[in-house]
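Got a new model open and wondering what backs up each label? Let's go through a few of them together.

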Amino acid sequence: MPSTFLTNNDPIARVMVAGTGVLGAQIAFQCAFSGVDVVAYDVDAACLDRASARFDALGRAYAADLGAPREQIEASLARIEGSTDLGSAVADAKLVIEAIPEDLAIKQSFYRALSAVAPAGTIFASNSSTLLPSQFAVFTDRPERVLSLHFAHEVWKHNIAEVMGHPGTDPAVFERLVQFARRIGMVPLPVRKEHPGYLLNTMLVPMLIAALGLLVNDVADVPTIDKAWMIGKGDRIGPFGILDGIGMTTVYNVTRSLAERTGDPTHRRIAEYVKANLIDAGHLGESVGRGFYRYPDPDFRNPTFLAA
C-alpha cells in the first residue's frame, strides 16, 4: 500500500482526474487554471491525445469568455500531465475526481482497482450525475472518504459544484471538499443527504426527458422543440443543445437506467432512439462535432434560428 497522507486541512495541491471526456477535461482544466497540479488519467493513449486537443480548446474558451491572459492559459496547460497508468497517476494525489462513463458496473470496477493503488488518505470524489456515492463506497477500502463532487457543463461559466456524501462519509472530508470546490472557483452547493440527480439534475433531467419524449413520440422535431424552450423561456440554448453538450453516451446511460428502474415505455424508446440514431452513427455530441446538431456552428446559434 502506498504511503498514507495525514488527515489535515492543508490545501489539496494535486489531484487526479479520472476520465478525460467532455466534463472530465473541463474539470481538469479548471483545477489547473486555479493553481492545482493535475494528472489526467485515462485508459489509453488515444484518449489522452483527444484530451490534449480538448485542453487547447478550453484554453481558447477561457481566453474568450473570461479574458484569461495567454500566460495564465499556458501555465494552466503546463500543470496538466497525462497518464494511462493508474498507480503512478494516483501516487501523489490527495484527491481523485472520477468522471468516467455513467455506468455502475464500470464505476464499481474502477473503484476496486483504484483502492488497490491509491494512498490511504486519498479522497475519492465522483462526478456522477445520477448515481449515489454509497453505490461506490462499498467497493473501496475507505468508505468514509468517498463522496460526490458534481460539476455542470462549461464549468468556467456555470461554476457550481454539488458536494454530496453518503451516511458513512466523514464530515471533515465533506467540509474539505467544500473548501476545495471554493478554491477552484466553484460555488459549493452542499447536499444534505443522498438524492439521485442531486440538485441541478433533479430539476434539469425531467425537462430533457420531456423534450426527448416529444421527439420519440413524433410530437415535434428537434428545432421546433428547442425553439419552444428558447423563445418561451428566453434561453440561449434549448434542450437538444444541452444534450449535445452532455454527450450521447451519458444521455443513453441515464435514460437506459431510468427505463430499467421505472419500466416506463417512453424512457425505453428514448434510450433505443439515442442508441440507434446517434451513438451507432457516431454522433456523440458537441465533443465530436455532431449530435442533434452539427458543430462548431450549430443551427441554434444562427441569428435567424428563432425567427425562422
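Q: What makes β2 and strand β3 count as paired, and in which sense do they pair?
A: Keep in mind that this is a predicted model. Two strands pair if DSSP finds at least two bridges between them. β2 and β3 (residues 80-83) have four bridges, in the parallel sense, so they pass that test. One spot to look at is Ala40, which stands opposite Gly82 in β3.

Q: How do you know that strand β1 pairs with β2?
A: By the bridge count again: β1 (residues 14-18) and β2 pair over five bridges, in the parallel sense, and the cut-off is at least two. Here Val15 stands opposite Val38 in β2.

Q: What do β1, helix α1 and β2 make together?
A: They make a right-handed β-α-β unit, with α1 covering residues 22-33. The name "right-handed" is used because, with the strands pointing away from the viewer, the path from the first strand over the helix to the second runs clockwise.

Q: Why is strand β2 called largely enclosed?
A: Four of the five residues in β2 (residues 37-41) are buried, so the rest of the structure largely encloses this strand.

Q: Why is Ala99 called buried?
A: Buried means under 20% relative accessible area. Ala99 has 17%, so it is buried. You'll find Ala99 in the loop between β4 (95-98) and α5 (104-117). Leaving aside neighbours within four places in sequence, its contacts are Ala18, Gly19, Gly24, Ile27 and Asn127.

Q: What makes Glu154 stand out, and is it buried or exposed?
A: Glu154 has a phi near 60°, a positive value in a residue other than glycine. Its place is the loop between β6 (146-151) and β7 (160-164).

Q: What makes the chain's radius of gyration agree with that of a compact globule?
A: For 308 residues, a compact globule would have a radius of gyration near 19 Å; the chain has 19 Å, so the two agree. Along the principal axes, its C-alpha atoms fill a box of roughly 60 × 50 × 35 Å. Buried residues make up 49% of the chain.

Q: What makes a group of residues a nonpolar core, and which residues have the most contacts inside the largest one?
A: The members must be buried nonpolar-core residue types, such as Leu or Phe, joined through side-chain atoms within 4.5 Å. The largest such core has 41 residues, and Leu149 and Phe180 have the most contacts inside it. Its largest share, seven residues, comes from α1. There is also a second, separate core of 30 residues, including Ile237, Val251, Val254 and Phe305.

Q: Where is the cis peptide bond between Tyr295 and Pro296, and what is its omega?
A: The bond runs from Tyr295 to Pro296, with omega near 20°. Pro296 sits in the segment after α12 (265-279).

Key: Residues numbered from 1 in each chain as written. Predicted model: local features only at pLDDT ≥ 70, side-chain atom pairs only at ≥ 80, totals over all residues. Heavy atoms only, no water. Buried < 20%, exposed > 50% of the residue type's maximum accessible area, 1.4 Å probe, protein only. Helix = DSSP H or I, 4+ residues; strand = E, 2+ residues; numbered from the N terminus. Contact = heavy atoms within 4.5 Å. Rg over C-alpha atoms; globule rule 2.2 N^0.38 Å.
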